[in-house]
Structure formats: C-alpha cells, structure tokens
Amino acid sequence: MSDGEKQKPPRKRRRVSLLQRIQSDFLTGIVVVAPVVVTLWLTWNTISFVDSQVMPLVPDSYNPRSIFGTEVPGYGVLVFILFTVIVGYFAKKVFGKQLILFGEGLVDRTPVVRSVYNALKQLVETVLSQSQSSFQQACLIEYPRRGIWCVAFISTEAKGEIPPRAGVEGLISVFLPTTPNPTSGFLLFLPPEDVIPLEMSIEDAAKLVISAGLVVPPTKEELRAQSEEVKARREHYAELAAPRKSDVDH
C-alpha cells in the first residue's frame, strides 16, 4: 500500500435495536404458533359440532352423562364413526345394495330432494376419488416460455383422444399450481423430454410453491451431510461420556 493511499476505516456493524429484535422474534413466533393454534381451533370446533348433532340421538343408557355424570368430548365423533362403519359394512352386502337402490329410487321421484341428493352424492364421490389418487412425482418444466422454470406435479400419462389429436405419443399430464394457492393452476400436456423429474417429495414441492420459494427443501446430499454430522457428534459425545481406562483401573 502506497503512502498516498489511505486505509479504509473498518465498517461498523449496524446495531439492532431492542424493538427490532422483539418484532423479529414476534414474527418468528407467529409463523410457528399460528398454524398450531388454527389447527387446534378447527379440530375442536369440528368435534364440538359433531358432538352437538350426534349426542341428542344417543340413548340415555349409552350417554356418558348418565354413566360418568359428565360429558366426554369426542364421544359423538366416535359414535358417528362407528355408525358410518356399520352402514358401510351392510352397504357392501347384497341386501344393503338393494336397500340403497330402493331408497335412491324414492329420492329420484322427489323433485327438489332429487337435485340436492344427486349434487351432494356427486360432490362426495368426487372428493373421495381425488383423495384416493395423488400425484406421482414433482417435476420441473419450462413455462410460459423457454428459459423460465416452474415446479409442477406429474399426474399421469395422457389418454383418450388428446395424444392422437396432438400428434405426440406418450404425452404426460402435468398440473402446474399457482402461488400461494396450490389448489388452482393449469393442466398441461407435455412430451416426456420436456418434463424433468425432481428428487424432492410431493410435500416438499408443495411447501416450496406455497411459500413462494422461501421454504426450500434440502437436497439428498445436504441431508446425508447433516446425518453424518449428527452421527459424528453422537460418537464424539459418547467418547467424552465413556469412562477412561485409567479411571477404570483406579
């Protein structure tokens, strides 16, 4: 360094005020506490609603108030689950199927009830069919143009008239979710060479989409490194905790 050059003074670290620390800790706590509180609140309200609807139908001899002298939260939910299982068991039998067909025939002859029943039945069947099926794998695609990459989910291989109409064999159905609401999105049909499978799980990919890229799942190499680091620490602590040979001899 020449004499003419002046040495730059060291940069001072910006001090964080107490209010900023409290604000940062509060926001971090909100991220941790809010999902737990909302989940517990929804669960408790669901149990209370089911209990309020089912318990008046339970005979007094089987009511916890008559047996234990107090109400048992969730008892109505158990009764509802047991009743639903019994109905489902008998519905699989021949007599149950005939009884259901007879009841649906009566409903179909009722003008207003018919529309409501068919709409609710179709809704429940759609929800159950979607819950039984899931995406196969997370993937990476270029959308809406080359050079822009998006996280998507591989649904299944395209069937029906779409592949021959498109003139491409082996098209893959891909669901491209929107951020931060992954329930809406776009259904795309892409050739296999335009779909890059990812190693991350469906849940990790969904977290990445919902958080707008803020929650990035670790790679397998990072997880392996973390596992080896934890293993090394455990072995080190085990060596420190183990009695030395000289101490044993004494």
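Aspartate 194 is partly exposed, with a relative accessible area of 25%; by the cut-offs used here, buried means under 20% relative accessible area, exposed over 50% and partly exposed in between (1.4 Å probe, protein chains only). The structure is a predicted model, in which local features need pLDDT of at least 70 and side-chain atom pairs count only at pLDDT 80 or more, while totals for chains, interfaces and linings use all residues. Residues are numbered from 1 along each chain as its sequence is written, and side-chain values use heavy atoms, with hydrogens and water left out.

**Salt bridges**

A salt bridge is taken as a side-chain nitrogen of Lys or Arg within 4 Å of a carboxyl oxygen of Asp or Glu. By this rule there are four salt bridges. The table lists three of them, including two that involve Arg146.

| Glu142 | Arg146 | 2.8 Å |

Glu142, Arg146 and Asp194 are linked in a network of salt bridges. In the pair of arginine 165 and glutamate 161, arginine 165 is exposed at 71% relative accessibility, and glutamate 161 is exposed at 54%.

**Nonpolar cores**

A nonpolar core is a set of buried Ala, Val, Leu, Ile, Met, Phe, Trp, Tyr and Cys residues joined through side-chain atoms within 4.5 Å. The largest one has 11 residues: Cys139, Ile141, Cys150, Ala152, Ile154, Ile172, Val174, Leu176, Leu188, Leu190 and Val195. At least two residues of this core come from each of strand 1 (137-142), strand 2 (149-157), strand 3 (172-177) and strand 4 (185-190). Strands (E, at least two residues) and helices (H or I, at least four) are DSSP runs, numbered from the N terminus. Another core, of eight residues, lies apart from the largest one and has Phe153, Phe175, Leu198 and Ala205 among its members.

Contact means heavy atoms within 4.5 Å. Leaving out residues up to four places away in sequence, leucine 176 touches Ile141, Tyr143, Cys150, Val151, Ala152, Ser184, Gly185, Phe186 and Leu188.

**Helices**

Helix 1 (residues 18-54) packs against helix 3 (residues 75-91) at an angle of about 70°, with the axes 7 Å apart. Helix 1 is therefore roughly perpendicular to helix 3, a term for angles of 65 to 115 degrees; under 35 counts as roughly parallel, over 145 as roughly antiparallel and the rest as oblique. Axes are lines fitted to C-alpha atoms, for helices over the stretch in contact, and angles run from 0 to 180 degrees between N-to-C directions.

On the helix 1 side, Ile47, Val50, Asp51 and Val54 meet Tyr75, Gly76, Val77, Val79 and Phe80 of helix 3. The residues of this contact divide into seven nonpolar, one polar and one charged. Ala, Val, Leu, Ile, Met, Phe, Trp, Tyr, Cys and Pro count as nonpolar, Asp, Glu, Lys and Arg as charged, and the others, Gly among them, as polar.

Threonine 46 also belongs to helix 1 and is partly exposed at 47% relative accessibility. Its C-alpha atom is 9.6 Å from that of glycine 74, which is 28 residues away along the chain.

Glutamate 104, in helix 4 (residues 94-108), is buried at 17% relative accessibility. Glutamate 104 touches Tyr117 and Lys121, not counting residues up to four places away in sequence.
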